[in-house]
Amino acid sequence: MNNFINKIRSQRIWSLFMKELRQIKADKKLVVSLILPPTLQLIIFGFALNPEVTNLRLGVVDESRAAASREVVSAFVESRSFRIADYYRSSEELGQALSAGKLDAGLIIPSDFAKQRERRETARIQFLLDAVNSNTAGIAAGYAARIIAALNERSAQPLSLDVAGTPSSVRGRLVTRVALLFNPGLESAWFIVTGVLGVLLVLNGSIIGSAAMVKEKEAGTIEQLLMTPAPAAEIVTAKIAPLFVLLSTQIFLALGVGRLVFALPARGSLLLLFTAGTLCVLVGIGIGTFLATFSKSQQQAQLMGFFVNPPLSMLSGAMTPIEAMPEWMQPFTLLNPISHFSAIARGILLRGAGVDALWWHLLALIGFAVALVGISAWRFRKQLG
Amino acid sequence: MKRIIAQTRKELTQTFRDRLTVLLALVLPLILLMLLGTALSFSVKGIAVVVQDFDRTPLSRQYIDALNASLTFRVVALPTNRRPDEILAAEQARAVVVIPENFERDFLRGRLSETQWLIDAVDANTANVMRGQAAALTSAFAAQLNPAADGQSAQPAVKAEMRMWYNPGGSSRKFIGPGAFAVALALFPPLLAALALSREGEQKTILQVYVSSISAHEFLLGKIAAFFIISLAEWALALAISIPLFGFKIAGDPTPLIVGTVLYLFCNVCFGVMVGVSIPNQAAAIQAVASVQFLLSFLLSGFIFPVSNIPAGIRWISAFVPARYFIEITRDAFVRGGGWPAVWDAPLMLALVSSVFFLKAWLRMRQMQIDAD
């Protein structure tokens, strides 16, 4: 008997499921919008957010005009970080060019530079940086310091030979040896793509989820749907299931783009990543259906999405490091599903981490998915009561 | 002219009747501005670092203290029996510093002693910053121990005086602030304009316009004027918030900012009108404006990283992104202060881009009107 009831039940939910699937299939625009925007977004995000600091435009004022000063200039040119944009006659001219935005940095070698070098005094030069972009300027200053240090190392050799006879306080040198793990080529797109992956899954889920729900309302067919002898949970499940299947294929699409365009590695279990991705899709659909229960039309649902989606994606650490957020804001990322998914995606794809390191992120995603889908199923029934 | 004003008044009344729209028009830009301004930053502080000290001498402990004293790093206590790559994979720290045995002994005997830094480079930019900081910190530490080495015996041949212009504190708010100001204004004015026009298309009220005596340019200008007024209000509100939030000050000549603002707001509204005329479906119009304006203003405008970093294959798109020109203007007006010589071309480009948008919308309207005849 019980078995029999179960069978009918499963048939009913099956027919609801098929109805949704047919509706989606008829909507060609939806299918296109599932494939095209995410692909483009992933590519643009990966390419456009590039923090690399190379080929900075350097303006030079060489008042000394000697072999020693030219050595300094060529040391800057040899590094890939700077290229000479122009020479200027005075530091005023250089300053004007810098403030007009024609240069990123300026190098001023004073007229007594060569003389000071001959006398083996410390010769001073000035290095100006347009620090409006503090990130670039900070990295550029580091490059300049390294170039000067290398220059000193080279010219220090004969100097230290001179004083070699007096072994003063003999103390060693201290250096750091740096190993860059997981991304030795410093490929910046890897960070962005793994972060944007979660943003795409959640945002697309929410947009498409809310559109599908509101459509019934707009067309006035929601009453009919609610009159079918099925509990609300079943209707919502049937409504969500086909969207869920469709959106889950986006995970493969996005991973394929990441692999082909950005050579994204996959060092951990892809099955685990896929599981986390499907949870992320569920969270997105949950947000979308929740918003849909508050709105009468598609555009209203979309406009409401503006209150939820930008904060969710900006405050997730998907595009910028969480450590760079204000300190009081950092704990809130724990309440953000995108943030958990980025941690999982980066852990699996780049760090080769497994369940033992990522279990609590997964648990959090499960929690969000269950809570959001549950709330929207409850709201769905309530809105007609 | 009278017809334009009538159209503007009608549009303003209609807009202010819908509460969600008013909220959207006046509150959302401010929320977005604050979000962009506070959350988007690359100046990392307090990065968790695990130190594995195999030396356990006064010198190694001094080194750890120096690490802890820096703003960039924060030492986290973890047992030393775990492998560094495991610690990094579990995200318990962003770097592991290994101080080898005989660290102090080697140093005191005049040999080369080294600390090993294993850095999690998943975030390439932060890894780059950490690498630089690690080197700077170590050499400062060595110089402190070895005053003779830095002072007399091994005088550096060349010493560079670094000057950070316009932003000596290296605060990223001065960079992000003017950009956030532009991006926050890029989304909502065109969104409202697009909604208003696609609503006419969706509800077929546009047919009444076709049969009335109003001409295409009058109709469009009336709509544009209405949303231009709303966007001016948004601009004023956003500026009022930005002054305390980012410490905006007018640096130098304010006229480029004024001219640039008028053109930028006009350009954005024109874009919205163009989309609205072309897509007679409100939901689709919202999607189009949101994805194009927001994505492009956010990614291809030089807001976060310089436009020159974008590969040439997609860099050309940024020529059509109004925010790109306005960000040049705001950065100059609020931070650099170069005035007209620095940014003369940006307003020109804005005018050019807006006329392209307007022309497109106008041609579309005209074409429809002939059809309706």
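This is a predicted model: local features need pLDDT of at least 70, side-chain atom pairs count only at pLDDT 80 or more; totals for chains, interfaces and linings use all residues.

Reader: What radius of gyration does chain A have?

Author: The radius is taken over C-alpha atoms, and the globule rule is 2.2 Å times the number of residues to the power 0.38. For 385 residues a compact globule would come out near 21 Å, but chain A has 30 Å. Its C-alpha atoms fill a box of roughly 105 × 45 × 40 Å along the principal axes. Chain A holds 13 helices and five strands; helices (H or I, at least four residues) and strands (E, at least two) are DSSP runs, numbered from the N terminus.

Reader: How many residues does each chain give to the contact?

Author: Two residues are in contact if their C-beta atoms, placed from the backbone, lie within 7 Å. Chain A brings 91 residues and chain B brings 98 residues. On the side of chain A that touches chain B, α6(A) gives the most, with 15 residues. That side divides into 52 nonpolar, 28 polar and eleven charged residues. Here Ala, Val, Leu, Ile, Met, Phe, Trp, Tyr, Cys and Pro count as nonpolar, Asp, Glu, Lys and Arg as charged, and the others, Gly among them, as polar.

Reader: Which residues touch the most other members of the largest nonpolar core?

Author: A nonpolar core is a set of buried Ala, Val, Leu, Ile, Met, Phe, Trp, Tyr and Cys residues joined through C-beta atoms within 7 Å. Buried means 20 or more other C-beta atoms within 10 Å of a residue's own, exposed means 12 or fewer, and partly exposed is in between. The largest core has 226 residues, and those touching the most other members include A:Ala140, A:Val283 and B:Val273. Beyond its neighbours within four places in sequence, B:Val273 contacts B:Leu197, B:Leu220 and B:Ala361, among others.

Reader: Which strands does β1(B) join?

Author: Strands pair if DSSP finds at least two bridges between them. β1(B) runs parallel to β2(B), with four bridges, and parallel to β3(B), with five bridges. B:Val50 has B:Val76 as its bridge partner in β2(B), and B:Asp53 stands opposite B:Ile99 in β3(B). Five of the seven residues of β1(B) are buried, so this strand is largely enclosed by the rest of the structure.

Reader: What is the phi of A:Phe182, and what is that of A:Ala263?

Author: Most residues other than glycine have a negative phi. A:Phe182 has a positive phi of about 70 degrees, and A:Ala263 has a positive phi of about 55 degrees. A:Phe182 sits in the loop between β5 and α7 of chain A and is buried, with 21 other C-beta atoms within 10 Å. A:Ala263 lies in the loop between α9 and α10 of chain A and is exposed, with 11 other C-beta atoms within 10 Å.

Reader: Is B:Asp332 buried or exposed?

Author: B:Asp332, in helix α15 of chain B, counts as buried, with 28 C-beta neighbours inside 10 Å. Leaving out residues up to four places away in sequence, B:Asp332 touches residues including B:Pro256 and B:Val343.

How values were computed: Residues are numbered from 1 along each chain as its sequence is written. Chains are lettered from A and ligands numbered from 1 in the order in which they are written.
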